[in-house]
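Please look at the sequence and the model together while reading. The text below goes from the whole chain to a few of its parts.

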Amino acid sequence: MEVQAVMTPTAPHLNGLKGEFDPVAIVRAEPLPPVVAAENGGGVGTGGAKQKEIVLGRNVHTACLEVTEPDANDDFTGDKDAYMAGVLARYRNNLLERTKHHLGYPYNLDFDYGALSQLQHFSINNLGDPFIESNYGVHSRQFEVGVLDWFARLWEIERDEYWGYITNCGTEGNLHGILMGREVFPDGILYASRESHYSVFKAARMYRMECVKVDCLTSGEIDCLDLKKQLLANKDKPAILNVNIGTTVKGAVDDLDLVIKTLEDNGFPQDRFYIHCDGALFGLMMPFVKRAPKVSFKKPIGSVSVSGHKFVGCPMPCGVQLTRMSHIKVLSSNVEYLASRDATIMGSRNGHAPIFLWYTLNKKGYKGFQKEVQKCLRNAHYLKDKLRDAGISAMLNELSSTVVFERPHDEEFVRRWQLACQGNIAHVVVMPNVTIEKLDGFLEELVEKRKVWYTGSGVGEGVVVSPPCVAVDIGSENCDCGLHK
């Protein structure tokens, strides 16, 4: 790139530049740089390109959509607009197809936000503290605070006793909650079960915190006997705990009351521990399940986070984070640039997300979510029973809609149904948009595929493949392999 500017050799220096600077000078576009060739001389996407071996998933460059420069006269022909419209139409069809085969990840795809399309023309940014308006006027704080108040009622904390904000995702909620614990107890040790979400351990690395991984029960729930052992080994330092309201893989819910009792019984009074509750998915489901441990700020917890794009069904990643007002003072600082205060992780926040959340909460309310929870649990039990009836190893935690089963033998089948896998197990997360008809289609296809996988056909003559033993993962009582039938 080269700037075309008028320069006068005799002009005095100005900010280190020689000559006069022309503020209306334009940048002359140089030819685009060539595509970097692969090692064997082929360009990207050509037949001679050397393919990278990516073990975890697929290389996105094998199917990327290239950004192309418009022609000089494209403003008149509209060819570019027509091309992009065609690409987007094909992409929409792809989304429709992939949505039909979406079972492994906890996203509620059942929503209709057509009424909010009128707001997409605005750049809505909720800068700074939700409760203090900044100089930037195109915001949605009134919606954000309304959503926060709704969750404050759900988790039983008074309006003047909590602080919170709408995060950009569930991970940000965990990052904020654990940072809050670290600020309250700078020398504290972070305790988290081995089946906690990876963002918890990411937070420990980011904040350079000492982290202790606690063993789990077969269900995926934290093992409080091992927690006791770890606490007693570090009695001289405060405890910062991550409690899972639904683990990532097995959907296990840690017993919050037992965790608190374990702390207090082993020399950790309430002024020496901080608890963050990661309720990414089940944080909004558990309040409507009778036997579930209640998440409430009436108990000695420090913060709770939940994802907005999971059970709620917001179309963009977002989340809700609540903590105690007494804690937030150690983290917040005034920002003159904003004419506000800030104690968030990110500076800018998606101002559209609170509006989508507010819209859904108003349409469904507590009773609507209660019905959806009952539907999800009922359909999850249906899937688990059908799997077991078909001779497929499967487990379902009592308080969960995550059905864990043996990992399918064919990775193409895994990708087709977008299953989440870990070792020898996979899972289906039954969300409000997952119908009985969808589960029946999945079951029928899985049963037919297993007849091929486990009879020797298609895997080489004389080779017999057996279903994996998953007793270690989900317990021998849930394993249907040859050894545990």
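**From the whole chain to single residues**

Residues 24 or more positions apart account for 68% of those contacts in the protein that have a separation of 6 or more. The model in view is a predicted one. It has 485 residues, and 48% of them count as buried. Its secondary structure comes to 12 helices and 15 strands.

Begin with two helices, H3 and H9. H3 covers residues 141-154, and H9 covers residues 352-389. The axes of H3 and H9 are 8 Å apart, and the two helices pack at an angle of about 30°. Angles under 35 degrees count as roughly parallel, and therefore H3 is described as roughly parallel to H9. The crossing of H3 with H9 is left-handed. On the H3 side, the contact is made by Phe143, Glu144, Val147, Trp150, Phe151, Arg153 and Leu154. On the H9 side, it is made by Pro354, Ile355, Leu357, Trp358, Leu361, Gly365, Tyr366 and Phe369. Sorted by type, the residues of this contact between H3 and H9 are 12 nonpolar, one polar and two charged.

Helix H3 also holds Gln142. Is Gln142 buried or exposed? Its relative accessibility is 52%, so Gln142 counts as exposed. In sequence, Gln142 and Pro130 are 12 residues apart, while in space their C-alpha atoms are 8.4 Å apart.

Now follow H9 to another partner, helix H11, which spans residues 436-453. The axes of H9 and H11 come within 11 Å and cross at roughly 20°. Because of this angle, H9 is roughly parallel to H11. H9 passes H11 in a right-handed crossing. From H9, the residues in contact are Asn379, Tyr382, Leu383, Lys386 and Leu387. From H11, they are Ile436, Leu439, Asp440, Phe442, Leu443 and Leu446. In the contact of H9 with H11, eight residues are nonpolar, one is polar and two are charged.

The next stop is a residue with an annotation. An unreviewed UniProt entry places the feature "modified residue: N6-(pyridoxal phosphate)lysine" at Lys310. Where does Lys310 lie? Lys310 is in the loop between strand S8 (303-307) and strand S9 (319-324). Its relative accessibility is 13%, so Lys310 counts as buried. Which residues are in contact with Lys310, leaving aside its neighbours within four places in sequence? They are Pro106, Tyr107, Asn108, Ala280, Leu281 and Met431.

Two further loop residues can be read side by side. Arg208 is not a glycine, yet it has a positive phi of about 55°. Arg208 is placed in the loop between helix H5 (198-206) and strand S5 (211-214). With a relative accessible area of 78%, Arg208 is exposed. Gln418 is not a glycine either, and it has a positive phi of about 50°. Gln418 is found in the loop between helix H10 (411-416) and strand S14 (420-422). The cut-off for buried is under 20% relative accessible area, and Gln418, at 19%, is therefore buried.

The crossing with H3 is left-handed, whereas the crossing with H11 is right-handed.

Terms used. Residues are numbered from 1 along each chain as its sequence is written. This is a predicted model: local features need pLDDT of at least 70, side-chain atom pairs count only at pLDDT 80 or more; totals for chains, interfaces and linings use all residues. Side-chain values use heavy atoms; hydrogens and water are left out. Axes are lines fitted to C-alpha atoms, for helices over the stretch in contact, and angles run from 0 to 180 degrees between N-to-C directions. Helices (H or I, at least four residues) and strands (E, at least two) are DSSP runs, numbered from the N terminus. Angles under 35 degrees count as roughly parallel, over 145 as roughly antiparallel, 65 to 115 as roughly perpendicular and the rest as oblique. A crossing is left-handed if the near helix is turned anticlockwise from the far one by less than a right angle, and right-handed if clockwise. Contact means heavy atoms within 4.5 Å. Ala, Val, Leu, Ile, Met, Phe, Trp, Tyr, Cys and Pro count as nonpolar, Asp, Glu, Lys and Arg as charged, and the others, Gly among them, as polar. UniProt positions are given in the numbering used here, feature names are shortened, and annotations may be inferred rather than shown by experiment. Buried means under 20% relative accessible area, exposed over 50%, partly exposed in between (1.4 Å probe, protein chains only).
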